[in-house]
Amino acid sequence: MSARRSRSRQAGAGRITDEQIDDLMSKLQAILPEARLGRNDRVSAAKVLQEACSYIRSLHREMDDLSERLSELLSTTEMSSAQAAVVRSLLM
Amino acid sequence: MIMAFHFLGALSHIQKTTTHSTFVFRCHRIRCAAYTSMALSTGAHSAWSRALLRQKPRRGSLRKRTVILQRPRKRAVRLEEDCQDGADVLRRLVPGCDGMDSAELLDETADYIRCLEEQVSLMRSIVNVISLNFNPKS
């Protein structure tokens, strides 16, 4: 990411360009699931941050749930034989 | 794919070393392995991945590369007032982002979310493959 200084604000108010922040916000908004925010460009920055927090929390919860599920499966499945099947399915 | 190899290797190892452990302990090991494989597949260029890897003792060194933004770091970026709370919560949720300025925080967050999604997707695939092929009863 290059440091763009076009249209920078006067005086050292301590801000990088608004444009750069907007770009980063848009990038973040774009990776949040559509169901959370819609594709409306006019979502506020505060809303984007809030949804990002909420989404990260839900991903953490999902990691926890999947870890539990894997823990159950590991107790009954021989991983070394399952590994090959998993890799094959991922490559397809 | 790097993530997959790391994680699958870890799962195998965990299975071998937790035959007499509790469910909770094994679950904890798996979750740690998940975050570690996320961080390993990203490497050292993200603050969040470095933070996750610092939590685990690793063999060899993890060379910290220069920060992507080369601008002088004296001036911190501040967001609008009503975004500060959200930004503060993000700093607590995304590893290694304490005290980070807002522009970098947004970048780290986007990267972290993408990796979380990949890891979750990988774990779902593994669960599906194992359940369908090796555990028809479950």
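# A guided tour of the interface between chains A and B

Begin by displaying chain A and chain B together: between them they bury about 5200 Å², and 73% of this area lies on carbon and sulfur atoms. The model is a predicted one, with an ipTM of 0.81 and a pTM of 0.80.

**The contact surface.** Select the residues of each chain that touch the other.

**Salt bridges.** Three salt bridges are found across the interface of chain A and chain B. To inspect a salt bridge between side chains, select A:E62 and B:R124, where N and O are 2.4 Å apart. Over all chains, the structure holds six salt bridges.

Next, select A:K47 and A:E51. These two residues form a salt bridge whose closest N and O atoms are 3.3 Å apart. Both belong to helix α3 of chain A and are four residues apart, about one turn of the helix. An α-helix has 3.6 residues a turn, so residues three or four places apart point the same way.

**Helix α5 of chain B.** Move to residues 102-134 of chain B, which make up helix α5. At 1.5 Å a residue, its 33 residues should span 48 Å, and the end C-alpha atoms are 47 Å apart, which agrees. At the start of α5(B), select B:D101 and B:A103: a side-chain oxygen of B:D101 comes within 3.0 Å of the backbone nitrogen of B:A103.

**Confidence.** Finally, colour both chains by pLDDT. Chain A has a mean of 80, with 79% of its residues at 70 or more. Select residues 4-13 of chain A, where pLDDT stays under 50; the model gives this stretch 15 contacts beyond four places in sequence.

Chain B has a mean pLDDT of 82, and 80% of its residues score at least 70. Residues 58-75 of chain B fall below 50, and this stretch has 22 contacts in the model beyond near neighbours in sequence.

Terms used:
Residues numbered from 1 in each chain as written. Chains lettered and ligands numbered in written order. Heavy atoms only, no water. pLDDT = per-residue confidence, 0-100. Contact = heavy atoms within 4.5 Å. Buried area = accessible area lost by both parts, 1.4 Å probe. Salt bridge = Lys/Arg side-chain N within 4 Å of Asp/Glu carboxyl O. Helix = DSSP H or I, 4+ residues; strand = E, 2+ residues; numbered from the N terminus. Expected span 1.5 Å × (residues − 1). Polar contact = N/O pair within 3.5 Å; in protein donor to acceptor, adjacent residues only side chain to side chain.
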